[in-house]
Amino acid sequence: MAAYTSKINIKRSLTDVYQFLADFNNHQQLMPDNIQNWTSTFNEASFGIQNMVQLSLKISERIENKSIKITAVNGPPFPVQLSWELTGDADNTLATFTINAELNMMMKMMASGPLQKLADHETSSLAAAVK
């Protein structure tokens, strides 16, 4: 399993950041421009990646003010799990976003750059969205 991680320190309370991430409706604000046809509920989201694939995700676990685990459903092109880990206090939050993907060697060579770029984009977008 390959892991792609990005961290960011946000000058917002741990509770504010967690509440934003706990609702999948807010995650559209974190996505790059090539995401199309976004639909979401509190627990699930579905979207397409331009000229690539349609994905469906669901929040599989929430631990208040600590973590959110997200699982791909409905046959993704490869097994993938996403997670947000949060630490902090009333003034600052350290948010860590990790993409764990089960990739064969060929897919790893092709997908590593885009997956790391996605992880970095999500964390920087989170900082902008919760300010």
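**Note on the cavity, the pocket and the sheet**

1. The lining of the largest cavity is made up of seven nonpolar residues, one polar residue and one charged residue. Here Ala, Val, Leu, Ile, Met, Phe, Trp, Tyr, Cys and Pro count as nonpolar, Asp, Glu, Lys and Arg as charged, and the others, Gly among them, as polar. The residues in question are Phe24, His27, Met31, Leu57, Ile70, Leu82, Trp84, Phe97 and Glu122. The volume of this cavity is about 40 Å³, and a search of the whole structure finds one cavity of 30 Å³ or more.

2. The model is predicted: local features need pLDDT of at least 70, side-chain atom pairs count only at pLDDT 80 or more, and totals for chains, interfaces and linings use all residues. Residues are numbered from 1 along each chain as its sequence is written, and side-chain values use heavy atoms, with hydrogens and water left out.

3. On a 1 Å grid over the protein atoms alone, a cavity is a set of points where a 1.4 Å probe fits but cannot get out; a pocket is an open set with protein on both sides within 12 Å along at least five of seven lines, and lining residues have an atom within 4 Å of a point. Grid points are joined across faces, edges and corners, and a volume is the space filled by probe spheres set on the points.

4. The largest pocket has a volume of about 710 Å³. It is lined by 26 residues, of which Ile49, Met52, Pro114, Leu115 and Leu118 are the closest to its centre. By class, the lining holds 22 nonpolar, two polar and two charged residues. At least two lining residues come from each of β3 (44-49), β4, β6 (80-88), β7 (93-101) and α2 (105-129); α2 gives the most, nine residues. Helices (H or I, at least four residues) and strands (E, at least two) are DSSP runs, numbered from the N terminus.

5. Seven strands make an open antiparallel sheet in the order β1-β7-β6-β5-β4-β3-β2. The edges are β1 (2-10) and β2, each with a single partner strand, so one side of each has no neighbour in the sheet. Neighbouring strands are turned by 20° against each other on average, direction ignored. Two strands pair if DSSP finds at least two bridges between them.

6. At the β2 end, β2 and β3 pair in the antiparallel sense over four bridges, and a hairpin with three residues links the two strands. Ile35 stands opposite Ile49 in β3. Six bridges join β3 to β4, again antiparallel. Ile49 has Val53 of β4 as a bridge partner, and Ser46 has Ser56 of β4. The β3-β4 hairpin has three residues between its strands, and Asn51 in its turn has a positive phi of about 60°.

7. Two other asparagines deserve a check. Asn37 has a positive phi of about 55°; this residue belongs to strand β2 (residues 35-40) and is exposed, at 61% relative accessible area. Asn65 has a positive phi near 60° and is found in the loop between β4 (53-63) and β5 (67-73). Most residues other than glycine have a negative phi.

8. Helix α1 (residues 14-22) lies across β1, β4, β5, β6 and β7, and runs at about 160° to β6. Helix α2 lies across β1, β6 and β7, at about 20° to β1. Axes are lines fitted to C-alpha atoms, for helices over the stretch in contact, and angles run from 0 to 180 degrees between N-to-C directions.

9. In α1, Leu14, Val17, Tyr18, Phe20, Leu21 and Ala22 are buried. Buried means under 20% relative accessible area, exposed over 50%, and partly exposed in between (1.4 Å probe, protein chains only). The buried residues of α1 pack against β1, β4, β5, β6, β7 and α2, where contact means heavy atoms within 4.5 Å.

10. Leu14 lies in α1 and counts as buried at 13% relative accessibility. Leaving aside residues up to four places away in sequence, Leu14 touches Asn65, Leu86, Thr87, Gly88, Asp89, Asn92 and Thr93. Leu14 and Thr87 are 73 residues apart in sequence, and their C-alpha atoms are 6.8 Å apart.
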